[in-house]
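Here is a short briefing on one protein model. Look at the structure first, then work through the points by topic.

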Amino acid sequence: MSAGARVRLQGLKLAFGDMPAAEVDLDVEPGEIVVLLGPSGCGKSTILRALAGLLKPVAGLAEVDGRPVGDSDASCAMVFQEDALLPWRSAVRNVEYALKLRRVPRRERRRQAEDLLAQVGLEGFSDHLPGQLSGGMRQRVQLARTLATRPRVMLMDEPFGALDAQTRSEMQQLLVSVWEQYETTILFVTHDVDEALLLADRVVLLSPRPATVREVVGIPQPRRPGAQFEPEFTRRRYEILAAMGETPVPSALSIDTP
Ligand SMILES: Nc1ncnc2c1ncn2[C@@H]1O[C@H](COP(=O)(O)OP(=O)(O)OP(=O)(O)O)[C@@H](O)[C@H]1O
């Protein structure tokens, strides 16, 4: 299966006209999950878009496996919060379409698409149109379709931001199991500190716009259900919130203060 690619951002400067959007140095190891966390509007999505080749840097380098984005053979797949499924195609035909773009022979597409849908827990829903599926199910189809492109880097822009807490947690677990299987490199944007802690090997804290790397926090994994209730998780959570200037004052400290 597709092992992940190395991603390197070196002195990467991004701008919209005169307005600077980001200035970033960051190395991501093959198969690593790096979460970008930062204030709204700081430039997180812009960084992902540059990596997807949708925005040309003003200066610096964005490399995938040692080659500039665009020149690289390594495929970077973007996953958005709003699913980008074709509404007139059933779940299986949406996935088949990605296989077609990869030039998988027609006779193989149906079986591979069904396998991918089964991997994301959608057995029995192949013939449903996107409009007949819940938000979480549509994100599952989107994940299956993304996997069909055999991405070596997945660029995920708040993919679970619109889901309810329970569905979001299920999708996080699913993403981890898919990542363990495919060993894809993942850059993941979120506003949610708990989501960052659960998924990341490293959390990159960005400054307000233009986004620069303020701090990188390593997260000891393995990821396991219930990890969020362990003291280490709470400590990291506090460390990240403190670095973001959002430290909650523990109630014990606020008592007896003169
Ligand atoms: N196409 C564009 N043209 C001009 N300015 C833009 C464009 N896209 C984004 N911006 C601006 O660039 C800045 C960074 O936007 P970006 O969407 O990357 O932020 P973000 O950190 O992902 O925000 P959020 O967390 O709210 O999604 C913002 O000030 C935004 O208004």
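Which residue stands opposite A77 in β7? The residue is M154. Keep in mind that this is a predicted model.

- Strand β7 covers residues 153–157 and pairs with β6 in the parallel sense, over four bridges.
- Strand β3 (residues 33–37) and strand β9 (residues 202–206) are also joined by four bridges, in the parallel sense. Here L37 has L205 in β9 as its bridge partner.
- β9 pairs with strand β10 (residues 213–218) in the antiparallel sense, over five bridges. In β10, V217 stands opposite V203.
- A hairpin of six residues links β9 to β10.

- α7 spans residues 231–243, which makes 13 residues. From first C-alpha to last it reaches 18 Å, close to the 18 Å expected at 1.5 Å a residue.
- After α7 comes G245, with a positive phi near 75 degrees.

**The four-stranded sheet**

- A second open sheet has four strands, in the order β2-β1-β4-β5. Its pairing is antiparallel.
- Which strands stand at the edges? They are β2 (19–28) and β5 (67–68). Each has a single partner strand, so one side of each is left without a neighbour in the sheet.
- Strand β4 (residues 59–64) runs antiparallel to β5, and two bridges join them. V64 stands opposite R67 in β5.
- Helix α1 packs on this sheet, where it touches β1 (7–16), β2 and β4. The direction of α1 makes about 115 degrees with that of β1.

**The ligand**

- Helix α1 (residues 44–51) gives the most to the shell around the ligand, with three residues.
- The residues around the ligand are F16, A21, G38, S40, G41, C42, G43, K44, S45, T46 and R209.
- How does this shell divide by class? There are six polar, three nonpolar and two charged residues.

**The two domains**

- The domain assignment gives domain 1 as 1–75 + 153–249, and domain 2 as 85–150.
- Their C-alpha centres lie 25 Å apart.
- How many residues of each domain are in contact with the other? There are 13 in domain 1 and ten in domain 2.
- On the domain 1 side, helix α5 (residues 165–182) gives the largest share, six residues.
- That side of domain 1 has nine nonpolar residues, three polar and one charged.

Notes:
Residues are numbered from 1 along each chain as its sequence is written. This is a predicted model: local features need pLDDT of at least 70, side-chain atom pairs count only at pLDDT 80 or more; totals for chains, interfaces and linings use all residues. A residue is near a molecule or strand if its C-beta atom, placed from the backbone, lies within 6 Å of it. Ala, Val, Leu, Ile, Met, Phe, Trp, Tyr, Cys and Pro count as nonpolar, Asp, Glu, Lys and Arg as charged, and the others, Gly among them, as polar. Domain bounds come from an automatic or database domain assignment. Two residues are in contact if their C-beta atoms, placed from the backbone, lie within 7 Å. Two strands pair if DSSP finds at least two bridges between them. Axes are lines fitted to C-alpha atoms, for helices over the stretch in contact, and angles run from 0 to 180 degrees between N-to-C directions. The expected span of a helix is 1.5 Å times one less than its number of residues.
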